[in-house]
Amino acid sequence: MKLFHKSLTLLCLFFVALSLLPAAASAQVAVGVGVSVHVGPPALPVYTQPIIPGDGYLWTPGYWAYGPVGYYWVPGVWVRPPRVGLLWTPGYWGFAGGAYGWHAGYWGPHVGFYGGINYGFGYGGVGFVGGGWSGGFFRYNTAVMNVNTTVVHNVYEDRTVVNNTAVINHASFNGTGGIAAQPNAGEQAAMHEEHVQGTSEQLSHEQAMSHDRNQLASFNHGTPGTAAMDSVNGRRFNQQGRIANGVSSGQLTPAETKNLEGREARLNGEVHNDRAANGGTLTPQERQQVNGQQNNLSKSIYNDKHNAATDQYGNNEVGARRDLQQQRVANGIRSGQLSPSETAKVEGHEENINKNIAADRSANGGRLTPQQRQNINQRQNRASRQIYNKKHNGKTAPK
């Protein structure tokens, strides 16, 4: 009880301090302050935006939230707005009166002030340049939004805004020591428009992260285990992202990737069948079973990435070609253009090529003959066409 009264007293002192600020400065805190602490949030982590899960989703940047466990990272995520025509104004931390206050994000007809924080992906500190509503549909600017245009067609490209969205300052709060910004006239006007609070999905997303140890700043030291997700509860995207990173770094060999993606494909098939049998939903027992399988797969990904097997081929011509193929596979996994089943197939072909190369080298004292090099190149050409075709066949990784 004493701790509660102490926190309440500090919060009251914070509001008193805010009331003593000049009018221009107080305008930036017109949206209610929900949390007040005396230790500033960590810097914003650098991460890649996951591909949009489908038409109609809007990007909400990640942020540092605060709870009984201290600061924890809430991953950036694609969500559906409460209704057509609304845009998301991200929340931000503001430093004033010796304390850091949290200004919650909100939905509204225009993007308001979010502390001048450069969250990236269209939120460069002022306004939003990732797209806009037109005729009841949202049009996405592919210069700053990760959109698969074979699935989402309401797109355009405006690269003139790219320089304005490059993250230079990773400070995550407004005020002394952070971002020195105050709301402009347009942002002040947006503050007084009708606002809609975050959706139940967004609230659930934040609460779930507070219980994940990997998201705690005290544990991850500013580098959260999950920085972004393709959707709320988007567990499978996180698994695919980890696999893509393993393929790109060489920690996962084609054989390991084939096995992992085969298991992911089978699990996706189970989820699809369960949903079909239950009107599009999963029962609590099925969800528990899927989560258990994903936990097992997660452990396998970690073990495969940290064992002695690697996919480092060296700087020779054959090695460079194999490395290029793996980078293309990794990009396809990240973008969602390669489904787990497709990835398992293309990595199966790469595994066979690698086995033949190893056998040929073993039979020739570690070298390859000109004829063997030519044969390998032809097989890689066929594998390359396969990768291209599967990335552009309209089939994407399931949610």
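Trainee: What makes the pairing of the side chains of glutamine 325 and arginine 328 a polar contact?

Mentor: In this predicted model, the side chain of glutamine 325 lies 3.2 Å from the side chain of arginine 328 in that contact, and because a polar contact requires N or O atoms within 3.5 Å, the value of 3.2 Å meets the cut-off.

Trainee: Why is glutamine 325 called buried?

Mentor: Glutamine 325, which is found in helix α10, has a relative accessible area of 1%, and since buried means under 20%, the residue is therefore counted as buried. Glutamine 325 also touches Glu350, Gln380, Ala383, Ser384 and Ile387, leaving aside residues up to four places away in sequence.

Trainee: Which residues of α12 are buried, and how do you know that they are on the same side of the helix?

Mentor: The buried residues of α12 are Gln372, Ile376, Gln380, Ala383, Ser384, Gln386, Ile387, Lys390 and Lys391. They cover an arc of only 160 degrees around the axis, which is why they are placed on the same side of α12. Among the elements that cover these buried residues are α10 (317–335) and α11 (340–363), whereas the face turned away from the buried side carries the exposed residues Pro370, Gln371 and Arg385.

Definitions and conventions
Residues are numbered from 1 along each chain as its sequence is written. This is a predicted model: local features need pLDDT of at least 70, side-chain atom pairs count only at pLDDT 80 or more; totals for chains, interfaces and linings use all residues. Side-chain values use heavy atoms; hydrogens and water are left out. Buried means under 20% relative accessible area, exposed over 50%, partly exposed in between (1.4 Å probe, protein chains only). Helices (H or I, at least four residues) and strands (E, at least two) are DSSP runs, numbered from the N terminus. The arc is that of the directions from the helix axis to the C-beta atoms. Contact means heavy atoms within 4.5 Å. A polar contact is a pair of N or O atoms within 3.5 Å; within protein, one must be able to donate a hydrogen and the other to accept it, and residues adjacent in sequence count only if both atoms are side-chain atoms.
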